[in-house]
Amino acid sequence: MNKHIGRRDLLRAGGWGLAAATAGSLFGACGAGGRPGGSSEVGITGNTVKIGAHFPLTGVAAPGYSDIPTGTKAYFDYVNAHGGVNGRKIEYIFRDDAYNPSNTSQVVNELVLQDQVFAIVGGLGTAPHSAVLDFLNSEGVPDLFVSSGSLLWDQPKKNPYTFGWQPDYEVEGKIIGRYVHRNMPNARVGLFLQDDDFGDDGEKGARAYLGDQVVAAQRYVSGNTDVAPQIAALQAAGADLVLGFNVPSYTALSQLASLKLNYRPQWFYSNVGSDPALVGSLLSRFSKGEVSGASMLDGVITTEYLAGVEEADDPWVELWQQVWDAHGGEGELTNFRLYGMAEAYTFVQTLQAAGPDPTRDGLVAALEKVGAELQGPGLAPFRYSGDSHAGMAGVKVSRLAGNSTEKLSPVFVTDNGKAEITEYTGRNPGPPPNGIPSVEPVG
Amino acid sequence: MVAPTAVPRGAATTMSEPLIEGIAGRNRRTMQQFLNVALNGLSQGAIYAAFALALVLIWRSTRIINFAQGSMGMFTTYIALALIESGRSYWVGFAVALLAGLLLGALVERLVIRRVEGGPELNAVIVTLGLFVALQALAAILFGATYRSFPAPFGLHGFDVGGVNIALTPFNLFAIGAVVVVMLALVALFRFTDVGLRMRASAFNQEVSRLLGVPVGRMLTLGWALAAMVGSLSGLLIAGGSLVFPAYMDAVIVYGFVAAVLGGLDSPVGAVVGGLVMGMTLSVVSGYLGSELVALAALAILVTVLLVRPRGLFSRTAVRQV
Amino acid sequence: MVSLVAGVRRRLPASTLGRNLLLVLAALVVVVLLLELTDPFRNSQLATMSYYAIAAAGLTVLTGLNGQISLGHGALMAVGAYAMGLLLNTGVVPFPLAMLAAAAVTAVVGVVVGAAAARLHGPYLAGATLALAIGVPGLAIHFDGVFGGEQGLQISSPRPPDWFADVIYFLFANEAGSAKYFAYIGWLTLLAVLLLLSNLVASRYGRVWRAIRDDEVAAELAGVPLGRLRVLAFVVSAACAGLAGAVLGIVVRLAAPSGFTIVLSLSLLTAVVVGGLGSLGGALLGSALLVFLPPAVTGLGMQAGLTGVQAAQLAPLAYGVVLVTVMLLAPGGAMGIARALWHARPRRRFAQQPANTHRMDEEPSTTDATEPGGRT
C-alpha cells in the first residue's frame, strides 16, 4: 500500500482536495482504523494471547472432528491454570464452518478482522482451509498447524505464514509402500481410498514403491456409507492386503462390509483410519457378541506418529489423560482430542520460542528456526525450516493387538517426491514433569 | 495371507497350470462380485422401500410429500439408541421407537401440517423442509453430533453356500422381511378395511368425505401417525449394524423419494419395487462406475421416470398431474 | 437500509423504469456509505450477503412469482462458481466478462433443468431439484482433473487495482483491502440484478408469471404458453444463481463440492420465505438474516451455557423453526407483515389498481398473504 501514498498526496492536493478532506473527516474516524501499529501486536495484550480456529461443528463432517478443538481447549486451559505462557493466558476461539469453504472464509474473516486473533491454529480440512490460505497470507496472519495432511501447506514461498503439522499423506504413503514391498513382497495390494487429496496423495506415495503389486484401487465418497460395492470390487480383484487411506468411521464400515462379504484380507489402515479405541467401540456395540470390538481389529497393521489412547501407559497419554480429567468437558478422551492437545502443545512451544514479546512475523521466524528441533509428543521430527513448512517427517509401522499396539518397524522419516526413506534414530524423551514445555526464546 | 493360487506376476512365459487356474479364478471372482453387489443392492433397496412406503402412506392420506420423514425417523432412532445404551434390550428400544414415531407423526400433523393442509402445496413443502432442518439440529444438540454405532439384533456375517458368498446378513433378511410385512399390511389396510377406505376418501375429496360422515381430521392424523411409524421403522433398519449421526438419513430422503415416484407415489407395492430397483441400481453404479456418481444416478432415474412415465410403474390413478 | 429503500419507494411516482433507476442510484449511495462506514469484517460479511442476495432475488422470482419451488439453486450456484473459476484461472479473461459468461453458462443449464421442471408440480419439483442439489457436486469429484475434486478448484480472484484504492482513498481516506473490493463487486452486481429483475417483474412477463401461479388453467385458456414461460422463469432464476456463484467464487476464492451442499439450497429457500416470497426486498432481508443470524444465535447460545459444539447447532435450528413459524403464522414473510401494516387501512384494495400492480413486490391477489403455490 505504501507505494500509493505519493500519488494520493498529489491527488489530495488537487482540485478535489476539499471534497476529499471533508469526506475524510466525515468517514475517517468511523472507518476500519487500520492495523494497530507500534509495539502492541494484534491479538496480544500484557496478559492474553488470542488465537482462533475453524472446525466442522455441525453437518456431516462434525462427527469426530468436532472433538479436536475440545482437546486443544483443554490443553490451553491446563497451561493457563499453570500460569500461561510468559504470563499470558491463551484465549482460544473456535468457530463452526460445517466443512463448507464459504463458511470457512466467513468465520476466518470474523476471527481475524473482528476477534483480532494473533494466529490461526489447527484449522481443519483441505478444502475448507484452502479457501482462507490466500487471505491469511496476504494479511500476514500466522496460520499454524493446519489439521490436514495435504501438501498444500508446505509452500513457504507462496504462503510464508502457513505451516503443516501432521505427517503429510504422501510421506506416510511412501513409508507404508516401502514397508509392504519389503516385508510382504507377494501381497496383492488393494487400495481403499477416500476420494480426495488424502486418498490421492496416499496412493501416490504407496505406488512409488508398490507399483506392480497394486491390483485394484477403489474410492469412496464421504457421506455415502454403503461401501460394500467398493469392498466387493477389491475382493474380486483378488487383493489379499487392503491398504486403507480412510477416516475411522470408514474403517468400521469397511470391516462391516467385509463381514458381509466373508472377505478376510490383511488390513493395513493408514494412521487417520486406525484409531482402535474409536473403531473398536463402534464395532463392539453393533452386535451382541457377534463382533467383539477391538478384537476384530486384531492383527490390523497401521502407522503411528502419536501414541494413541489405547496405549494408556505411554507417558504422553498419561499426561493427556490428566489434562482431560482436569479441564475436559463431557465425554472421554479420544484420539481426536489427543490430536488437538498435541497441536496445542506444539503451539505453546512455538509461542515460547517467539520470546516474551511475540509478533506475528517473529512467531513464524521462530518456528522456521527451531521447529525442526522441537521435542514433543510426535514420534518423528518436524521438517520446519526457511525452505520447508512441512509437518512431521515420518511414522512407524505397528500392529494392533488387543488394546495395545505392537511395534513392527522403527520410526522412518523421509520427504516428498523422490527423497529417500531413512530410519530416525532420535528418541522421544517423554513429556516434561509438569506437562508444559519450556523452549528457549530464539535470540 | 497371500493366496496360494495367486497369479505369478512379471515375466510369466508359459500358460502354466496355476495361470489357467488364475484366469478361471478371476472369472469366478467377477461373477461373485456381481452377485455381491446385486445382493447388497437388495438389502439397501429394502431400506429405501421402507422409507418410500412411509412417503406413499402420507401421500395417500394428505397429498403431501413429507420431507421431514428422514429427520423424524432419525430422531426416534436416537430415542431407541438411548434406551439400548441405558441397558434395555434391542426390542424394547425398537418398540418404543415405533410408538414414538406414531406419536410424533400425530403431533406433527395436528400442530403443524393441519394448518397448511389444503392450502398452496408449496407451503406444505416448505413446512416439512423446516421441520427437517430443525429436527436434525435438535438431535445434534440433544444426542451429540458424533458417530454412534447402532446394534443389530441378528448377525452381521454373510452366508457361505458351497463356497459362494451370499452377501446378505441375517439382519438384512430381517429388514427385507419387515418391509414385506409392512407392505402387505398397508395393502390390506387400504383394500380390505373401512379405515383404509375412509383414509383414501379423505385424501381424495375432503368435502365429499365429510358429507358422507367420514371424520376427515382424524383420518389425516391417523395417516400421518402410521406413516411416521413406518418412517421410524426405516430409520431403525438403516441404523441397524451401522453408524448413526444426525444427518444419516439425508441421502435416504432423496433415494426413498425417487423410489416412491418410481413406484407411482400411491402404490405400496410400487414403493417396494421402486425401492429394490433403486437399491440394486445404485449399488451397481457405486461398484462399477464410482460412488461419487450414486446421487447423480438417482437424479437421472428420477428425471427419466418423470419425463417418460410420470405415473410411475405401478400407479393405478388414471391421470396424475406431476 | 431496506426499510429506507422501501420508504423512499412509496413516495415515488409511476414510470417503472425511471423510478427503479432512481431507486438503484439512491441504493448505490446507501451501499457506498455502508461499505465505507463499516470495518473490513463487516465489509466481508456484506460481500457474503451480496451473493446470497443475488441468488435469493432470482429464487424469489421463480418461487414467489411463478410458483415453482427449487431446492437445487445451490447446484446452479456451483455451476456459476466453477465456470467463474475456470475462466479466471486462464488468466486472460477479465472478471466482469467472466461473470457474464458464468451467468450465461448457468442460464444454459437452467434451460435444461427448467424444461424438465416446467412439467413438474410442488412436491415433485421439490424432490427433483433436491436430487439435483445432491447429485451435481458428484460431477466435480468425478471429473477431478478439470474441477479439482473434493478439495476444490482454487480461484485466482482479481486483486484490487490501484485506481480502486486511489479512488477510495481520495473520496473517503479509507484503505481499500480485498474485502472491500469484493464487497463492491458483489453489491454493484446485486444492484444491477435488482434493477433488471424489478423491471422484468413489473413487465408483461411478471404479470403473466403471476397469472400462471395463481390460476394455471385460466392462464392457459387466456392463451399463455405455459411451458415456455415457466422455462423462461427458470432460466432467469438460474442466470441469477450463476452470477451469485461467480461472486461467491471471487469472494471465497475456492469452488469445492462441500460448499454447495443441500444446506446452501435450503438456506436460500429460508431467505426468500422469511423475507416474503415474491418480494425482492424480502430476498435482501432474508439474505441479511443468513449472514448475521448465525453469529448472533451462536453467541447467545454460548452465553446461555451451551458448549461451542452445541451452540453451533442453534443456527440451523433457528432456520428450521423460523421456516415453519413463518409459513404457519405469516406466509407473506417479513415483507408481507410490513405490507399488512402499511395497508392497515379501512378500505380494501382491488387487484386491478394500476399503481399497485406496478409495484415490484406487490401481490396481485386480493389478500396480503402470499399464496405462492399453484393449486391443482
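Modeller: Two directions count as roughly parallel at angles under 35 degrees, roughly antiparallel over 145, roughly perpendicular from 65 to 115, and oblique otherwise. This is a predicted model, in which local features need pLDDT of at least 70 and side-chain atom pairs count only at 80 or more, while totals for chains, interfaces and linings use all residues. Residues are numbered from 1 along each chain as its sequence is written, with chains lettered from A and ligands numbered from 1 in the order of writing.

I begin inside chain B, where the axes of helix 9 and helix 11 of chain B come within 10 Å and cross at roughly 25 degrees (axes are lines fitted to C-alpha atoms, for helices over the stretch in contact, with angles from 0 to 180 degrees between N-to-C directions; helices, H or I of at least four residues, and strands, E of at least two, are DSSP runs numbered from the N terminus). Helix 9 of chain B and helix 11 of chain B are therefore roughly parallel to each other, and their crossing is left-handed, the near helix being turned anticlockwise from the far one by less than a right angle, whereas clockwise would be right-handed. From helix 9 of chain B, B:Val254, B:Tyr255, B:Val258, B:Val261 and B:Leu262 meet B:Ala298, B:Ile301, B:Leu302, B:Val305 and B:Leu306 of helix 11 of chain B, where contact requires C-beta atoms, placed from the backbone, within 7 Å. The residues of this contact are 10 nonpolar, no polar and no charged (Ala, Val, Leu, Ile, Met, Phe, Trp, Tyr, Cys and Pro are nonpolar, Asp, Glu, Lys and Arg charged, and the others, Gly among them, polar).

An unreviewed UniProt entry places the feature "transmembrane region" at residues 37-57, 64-84, 90-112, 124-147, 167-190 and 295-314 of chain B (positions follow the numbering used here, feature names are shortened, and annotations may be inferred rather than shown by experiment). In the model, residues 37-57 of chain B are 100% helix and 0% strand, with their end C-alpha atoms 30 Å apart; for residues 64-84 of chain B the span is 76% helix and 0% strand, and the end C-alpha atoms lie 33 Å apart.

The neighbouring chain C has a helix pair of its own, for helix 3 (residues 40-66) and helix 9 (residues 178-202) of chain C pack at an angle of about 20 degrees with their axes 8 Å apart. Helix 3 of chain C and helix 9 of chain C are therefore roughly parallel to each other, and they cross in a left-handed sense. Among the residues that meet there are C:Ala47, C:Ser50 and C:Ile54 in helix 3 of chain C, and C:Gly186, C:Trp187 and C:Leu190 in helix 9 of chain C. This contact has 18 nonpolar, 5 polar and 1 charged residues.

Chain C also touches chain A, with 41 residues of chain C in contact with 42 of chain A. Helix 8 of chain C gives the most to that side of chain C, with 7 residues, and the side divides into 21 nonpolar, 13 polar and 7 charged residues.

The mean pLDDT, the predictor's confidence in each residue from 0 to 100, is 83 for chain B, where 91% of residues reach 70 or more. Over residues 1-18 of chain B, however, the pLDDT is below 50, and this stretch has 20 contacts beyond near neighbours in sequence; residues 318-322 of chain B are likewise below 50, with 11 such contacts. Where pLDDT is low, the predicted coordinates should not be read in detail. Chain C has a mean pLDDT of 82, with 88% of its residues at 70 or more, although pLDDT stays under 50 over residues 348-376 of chain C.

Methods:
Contact = placed C-beta atoms within 7 Å.
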